[in-house]
Amino acid sequence: MKGITLVYFLRRFGIFLLTVWIAATLIYIIPRMAPGDPISAMVARMTQQAGYIENSDVIIAGWRKRFGLDDPWYLQYGRYLKNLVTFDFGYSLASFPTTVKEIVFRALPWTLGLLSVSTALFFFIGNFLGAMLAWNKTPRIIKGLIPVSMIFTSVPSLLAALMLLYFFAFQLGWFPSLSAYGRGIVPGWTWTFIGSVMWHAILPIMSIVVVTFGFWTLGMRGMMITVEGEDYVTLAKAKGLKPFYSLYRYTIRNAILPQITALALTLGTLVGGQVLVEYIFSYQGMGNAIFTAIRNQDYPVIQGTSYILILTTALAVFIMDMIYPLIDPRISHEGN
Amino acid sequence: MATISANPKRKISRFNRFDNPWLNPFLITGVFLIVIILLGAFIGQFTWDSDLALVGNSPLKQPPVGVSHTTLRGTSVGTWEHPLGTDGDGRDMLAVMIVGAPRTLAIGFIAAAAGMGFGILLGFMAGFMGGRVDDVIRIASDTTITIPSILVLIVIQSVIPVNLVGMALLISAFAWPGPTRLIRGQVLSMKESGYVKMARISGASTFDIMFKEMMPNLIPYLAASFIGNMQGSILAAIGLEVLGLGPQRVPTLGKSIYWSVQLSGLSQGLWWWWGFPALILVVIFVGLLLINLGLDEISNPRLRQKVE
């Protein structure tokens, strides 16, 4: 591929694998470092809820054998890694014949759809406003937006979701409060369905965009001010280029590069926030799947959904790493 | 020299106490907001019965004082007996705030402090030792920072029941990459600076160079990173609580939101059930943001000049 050296590709791919491996291993090791094992803990919690469970020793022994918990640790760990690679997380405990894989891949498209639209929106709005703020021809009214967008950035998307849901769905009734599409609408490529999906997605997307764009506005403004001071921008102005042309070709295109790096770094936090927003709106994505699994003590589903989301995030970061050298060819040769 | 001291006006402004960068309005307002919350909780411990924060110790679904709430069963009006109202399980909201707010701040503080401890250790190790150690630490922090930490925490906490400190320490497992990267970068640039070279030539030990020469310069950066970590940790804790994880029997702000979502407090119009916890959280987050902006002005003097 043009612009990407083999060394760069291999290094980034290694980091992608490493990220997934670290996360998967943390998920694996920490619960096992605690006293007891997952199964005893689950039975203990069942006892806590139900009062008493007959033959709990037999149940524990049976499940231990079933999951191979008596094997040496490296066999267990190897089996775990193999299952992760093949996406085999076993069956859901709460809705038994369904596999975890089915649940995950039913929920994933909704989450990805919501996430990509909101990311595109806040990244565009944030950077656009940031660029406008640093430009001396921007009207004062728009510059007054800085403090407003700053206050919003400190509010977590979860709380924004609660407030938007309460005011716009329950109090005013302008938007639906539940699910990803209207009741009784058959999913398919029909306009009714697509319209309904878009209608239901507005509030969840808004709750992420409203609290996130300010961060990008501020970052972009800072970068714009730095780049504005560069000699090549001064030269572009001295050459008599049209103000907007020099703004776009010389300043914005250079200022946006660190913003893209920052996007890759904050993607993890973003996915976490998205999960909570989906849960608040009962949107049938991964957030809701995780919550249902937590409530049902459905450990395989919790593990499977979390793992797939971590994998997706790492993959997205990797893809961004691959696109980045096409935007900024210097990066591929860095450190060589 | 003569021209500077000959200008009396300049001299006065230099000794103006508001010239102290630590007294900038952002920092003061932010600290003020956090102190108000802590103070409110502290006074509340002595003047209000915290047992009211437990299930069933108050009537159900009472609105806050001065608010009337109409349901099919009739209208109830808030009284001073429960100034912020009560929730659907009979917890007094004021008591929940008094018990919950300091716990939320405590989780953030413990997690950020532990993360900072690891970060300082690893950052100095990476910056000073270089070579393989630096490579390992740098790659580990670069990868950990992209992991959606809340998902790992969800998986762990759905298996292990944790208390407040346990939850904070688990969260801190994701709070170290920020400070590590920051300190590593600063140490690398300071290592080449004149005063550190001078200290080394005059025979100062590595330990002295780290803590006597470099550390004082790092304080504003560390403070900002600490506050940033507090925001992140509180956010993670609230996220876990809102999903129904975390300490089970103690009322917390996140748990309150969890119950109000679960028991349809939103659709019933019981806004005080989730609204007050959300309000306290917003005040905490805005306070921390302002502190961070204030610290930014201290560590980055260019920001102190007004931009045209």
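User: Hi! How many helices and strands does chain B have?
Analyst: Hello! This is a predicted model, and in it chain B has twelve helices and two strands.

User: Thanks. What share of chain B is buried?
Analyst: Of its 308 residues, 46% count as buried. Looking at contacts in chain B with a separation of 6 or more, 73% of them come from residues 24 or more positions apart.

User: Let's turn to α4. How many residues does that helix of chain B have, and what does it span?
Analyst: Helix α4(B) covers residues 93-129, which is 37 residues. From first C-alpha to last it reaches 53 Å, close to the 54 Å expected at 1.5 Å a residue.

User: Is α4(B) mostly covered or mostly uncovered?
Analyst: Mostly covered: 26 of the 37 residues in α4(B) are buried.

User: And what comes just after α4(B)?
Analyst: There you find Gly130(B), with a positive phi of about 65°.

User: New topic: how many residues of chain B are in contact with chain A?
Analyst: 38 residues of chain B are in contact with 46 residues of chain A.

User: Which elements of chain B give two or more residues to that side?
Analyst: Those are α5 (131-144), α6 (149-157), α10 (206-242), α11 (253-262) and α12 (271-299) of chain B. α12(B) gives the most, with eight residues.

User: What kinds of residues are on the side of chain B that touches chain A?
Analyst: That side divides into 28 nonpolar residues, nine polar and one charged.

Key
Residues numbered from 1 in each chain as written. Chains lettered and ligands numbered in written order. Predicted model: local features only at pLDDT ≥ 70, side-chain atom pairs only at ≥ 80, totals over all residues. Helix = DSSP H or I, 4+ residues; strand = E, 2+ residues; numbered from the N terminus. Buried ≥ 20, exposed ≤ 12 C-beta atoms within 10 Å, placed from the backbone. Contact = placed C-beta atoms within 7 Å. Expected span 1.5 Å × (residues − 1). Nonpolar A, V, L, I, M, F, W, Y, C, P; charged D, E, K, R; others polar.
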